Every structure is written in C-alpha cells, then in structure tokens.
Number of protein chains: 2
Amino acid sequence: MAERPPSAGDDAVVGPAGPAGPAGPLLPGSSKDRRIAPQALASAIRDRVIRGQYPPGHRLTEDDLAEQYGVSRIPVREALRLLEGEGFVRVIPYTGTFVAELTAQDAADLLEIRGVLEPLAAARAAETRTNVHLDGLREILSEGYTALAKEDLELLAELNTRFHTVLTEASGNVTLNQIIGTLRHKITWVYSVELPRRAADSWAEHRLIINALERGDADSARALMVAHVRSAQAAYRLRPALPGAS
Amino acid sequence: MAERPPSAGDDAVVGPAGPAGPAGPLLPGSSKDRRIAPQALASAIRDRVIRGQYPPGHRLTEDDLAEQYGVSRIPVREALRLLEGEGFVRVIPYTGTFVAELTAQDAADLLEIRGVLEPLAAARAAETRTNVHLDGLREILSEGYTALAKEDLELLAELNTRFHTVLTEASGNVTLNQIIGTLRHKITWVYSVELPRRAADSWAEHRLIINALERGDADSARALMVAHVRSAQAAYRLRPALPGAS
DNA sequence: GTAAGCAAGATTGCATACGACCATTACGGA
DNA sequence: TCCGTAATGGTCGTATGCAATCTTGCTTAC
C-alpha cells in the first residue's frame, strides 16, 4: 500500500495566517522548519473552495496566496495548476486564476459520470477485494448504523464518503480510483445532501453491496450500486451560491 | 467554441533539436520570437512517450528537457506535472521523473473505464447534439468508407479517433470529454489496434450510432455504443515494450 | 454625453541562483 | 572478502528578479 509517495491529498494540515490577527508573521512557532509541499497547498486551497470560503468567480492571486501561506509563488503556482487540472479553478494567462463557476448542467454531469463509474468500481471490487478491504467496509457499516441511531448527520456523511472511498480503492483500478476521487470532491463542492429519511435505506443498501462483494458476485454488486446511486441522486440538492462563511 | 483559451493540446508544434546536428542551437530560424507554452511542451513530450521514443521507465531530466527545447526548467516542470496528472509519467521527489510503466492490468483498466464512459457520451450526445456535430460525423463516416475502400489503414485509424472525439464533444459534457480524451491518449500509447477484417463492421456500427443520434434516441445510442466498444475490444493488442524507434 | 485612445498599475510567465535531498561510490574496519 | 559509513556528484525544490501581458482609469476628441 506504499505505492504513490504523496498521492491524493485528503486532509490539509496547512492553514493561512490565523484568523486572529493580520499583523504578526505567518506560521506560528519555529517559522522555518515547516516545509510545505505544493500538494498540501492544493489541498488547503481546494478545501477552502469546497467550503465556499473562496466563492465561485473569486480571484486567487499568486502573490496573496504566497504571502498567506508563507512560501514563494512557485509552489503556489504548482498548487493552482493542480487545481486547474481537477477543474476547481480556471487560469487565464497573464490575467489571473479564478475559482471555477460550474453551471447546473456541469453539476448534473458530475453525478451522471459517477453514476456509471461507481457501479464499475463495485463490480471490479467484487472480484479483487481483499479481506482487509472487506473488514474495513464492515467496520464502516457498523459505525454507520451507530451514527444512524444517534442521528449524527455530520458523521453519517463522512462515513458515507469513507464507504465509497474504500470501495473504489478495493476495485484495484488506480485510474478509476483517481477519477472518482476528483468527482467526489467536486460533488461535495456543488451539492449539499439531504440525509433525513433517506439515510436508513442508504445504509441498508451499503450492507447489501458488502454482501455481494463478500460473495464475489460482480453482477450483483454492479446492479446494487446502480440502484444505490440512482436512489441517492434524489437526495442531492444544488447549492445556490455558497456565501463565504467562515 | 472559444471557451477554453489553450485547452487540450492535440498536436505538438514543438520539437527538440533537430535530428540533424547536435551542435548548433535549438529552435531554427529566429530563435527568440517563438514562445513556448508549457502545454505545448507537454503535448510534445506526451507525443514522444506515445510513440515510444521515451520508453517506459525512461528518465526525463528537467535540465535535459529544458536545454533540448530551449527553455528554462520552470515551464518544463509545469509540463511534467501536467503529464503526471494524466498518468504518463511518475515524479519522485528529489529523484527524478520517469515514464510510467503500466502493467497489463492497468492497460485493461483503461479499456474497461472507456467501455462505460463512451456509451454514456453516446447517450448524452443523442440528446444534445447539434446539426454541426451531426454533419461532422457524417463527413467522417463518408471519409471512413472511402479509406476503407482504399485500405488506407493509417487514415482509417485517424478517422476512427476523430469519430469518437467528435461524438464525445457532441455530448456537451466537458468533464466527460476531458476524461475520455486522456483515456484515449493512454490507450493509443499502450495498445496497437488490429484493423484488418474488423474495420468494415466497425464503420457499419458507426453508421448505426449516427442514425441513433439523428433520431435523438439515447437508449439506442447507448446500447449500440456498448456493443461497438465490446466488439472493438477484441482488436486491441497490448504492445510488448515499444523499443525506442525514431 | 459618449466613445476611442493612451498611459500607469498590477499580475502572470519565465529565467537564473541557491539550498535540500537522494543515489552512488570510495574507504575503512571486521 | 564483505559490510557499514562517510564523502561526493547529481537532481529536484524553492526563492528572487525581470520581462511580457492584461486590466483599469483617465484624458481627449467628437
């Protein structure tokens, strides 16, 4: 499992100058020993985009970002290019980098693509999953039901993401995993999910999918995932504009 | 059609020092007025990778590439990062950039993913295609049959690529178009295609798909593309190692 | 009052220079 | 002879500085 050195950045450990005071220098403590990789920068910026702190259309200046994160423009540029490749920002030469503005059609397209890729991932996972993956999925399933009982919606959303993440990883298809990962990021950006009554059904479906994986039944896994994605689709609500709340 | 400024680079206009003499400077003619964008560099390098001039595992040194193309390391780095995002090279920090070495499984995965995305593109294209797209496809179809009669295999391969490219563009799904474009590049890299007897059937299928698009019949377009991709799959032969022929 | 032209500011694109890290090799000891 | 260790070369990572380009506001003419 130690294949790609840095690989897909999941959580950002880097933050700009604290929201407390705009006066002091950045990076509290020993300000030199902490080296920031462009990928960490990209994760941090992506995170702000997803949270709406950088609203669509917002201009991201290399100089500003460099100063905020305490690095030079070079790693910032690299981070912005990464995000451009993922479709989160749009770079116009000699002009600037802007947070992408997705249309409703773009957003619908994301769900549509994921709708055919996740079933494929499920089918492949049924054939290639290891017991480690299976145990991980069962663990998540168990926690999911617990969270369901507690009505912890935030945890439920996170567990749902983890379930699908582990499942696509279990497919063993690296390319597929990368594509779906980026799609997932963008979907959580433009959509909010209505969990209320749907959650119980959703986790029941998760259980069925795990059973199919356990049996190595690729066709069932695919069909179940098709149904799961389809019924989940109804729960997605397009975010209006996302004001930049902190 | 003037949306993305540079967008997906298709053909590279840039070449390294001519194969003639390694002595003189690069970029013949007025050596200064020609500015090279990182995307053009990426296309040029990608092209060499696909042609096998940079074999899998080959080390790409930033300094060497910079000197060959007559630019500094900065745009070269950016180009390499683009190719890394597309999966053509693999960057190891402080060590080097290497041409990716895809396994047979990786290669099979590419076809599998394309196998579910192209039918989706066909279905969407049936709903959103313009007459311009339709005319373009008919034109390609016509040329295809001409090339078929002349047994011009190279032209046939190019026309096949153009057919599928126009079709995915007609889907109107930008994200889908990008993903399939990269997949296509990688597939032409690792596979060679056996056209001999299969070509006639293939273009008959193309005709049926165009008819479905014309009728706006999304379900038929999807089903026909599923069949088309499936039967085409048998024509793909994995390239052994691709010696670095010029 | 409106539109065209122009100049100043701002921002990105690229080149150069230096520092950090890895790989390899030479050397000394067991 | 083999292995552990230190030194050396090479490559990438980042910082700084300058050139190219776009945007914006003002001036000027109609």
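Okay, let me start with one pair of residues: B:R90 stands opposite B:F98, and B:F98 sits in β3(B). Before I go on, keep in mind that this is a predicted model.

So, the sheet around that pair. β2(B) and β3(B) run antiparallel, and four bridges join them. Which order do the strands of chain B take? It's β1-β3-β2, three strands in an open sheet with antiparallel pairing. That puts β1 (59–60) and β2 (89–92) of chain B at the edges, each with a single partner strand, so one side of each has no neighbour in the sheet. Then there's a helix: α3(B) packs on the sheet and touches β1, β2 and β3 of chain B. The direction of α3(B) makes about 115 degrees with that of β2(B).

Let's take strand C. It's surrounded by 18 residues, and the closest are A:E62, A:P93, B:V71, B:S72 and B:Y94. Which element gives the largest share of that surface? α3(B), with three residues. At least two residues each come from α2 (62–69) and β3 (96–99) of chain A and from α3 (73–86) of chain B.

Now strand D. Here 17 residues surround the DNA, with A:V71, A:S72, A:Y94, B:E62 and B:P93 the closest. The elements giving two or more residues are α3 (73–86) of chain A, plus α2 (62–69) and β3 (96–99) of chain B. α3(A) gives the most, three residues.

How do the two protein chains relate? Chain A can be laid on chain B by a turn of 180 degrees and a shift of 0.1 Å along the axis, with an RMSD of 0.1 Å. The two copies are therefore related as by a two-fold rotation axis. In chain A, the C-alpha nearest that axis belongs to A:V116, 3.2 Å away from it. And 100% of the interface residues of chain A are also interface residues in chain B, so the copies meet through the same surface.

Last thing, confidence. Chain A has a mean pLDDT of 85, and 83% of its residues reach 70 or more. But over residues 15–34 of chain A the pLDDT is below 50, and that stretch has 14 contacts in the model beyond near neighbours in sequence. Residues 1–13 of chain A also stay under 50.

Terms used. Residues are numbered from 1 along each chain as its sequence is written. Chains are lettered from A and ligands numbered from 1 in the order in which they are written. This is a predicted model: local features need pLDDT of at least 70, side-chain atom pairs count only at pLDDT 80 or more; totals for chains, interfaces and linings use all residues. pLDDT is the predictor's confidence in each residue, from 0 to 100. Two residues are in contact if their C-beta atoms, placed from the backbone, lie within 7 Å. Copies are superposed by least squares on the C-alpha atoms of residues with pLDDT of at least 70 in both. A residue is near a molecule or strand if its C-beta atom, placed from the backbone, lies within 6 Å of it. Two strands pair if DSSP finds at least two bridges between them. Axes are lines fitted to C-alpha atoms, for helices over the stretch in contact, and angles run from 0 to 180 degrees between N-to-C directions.
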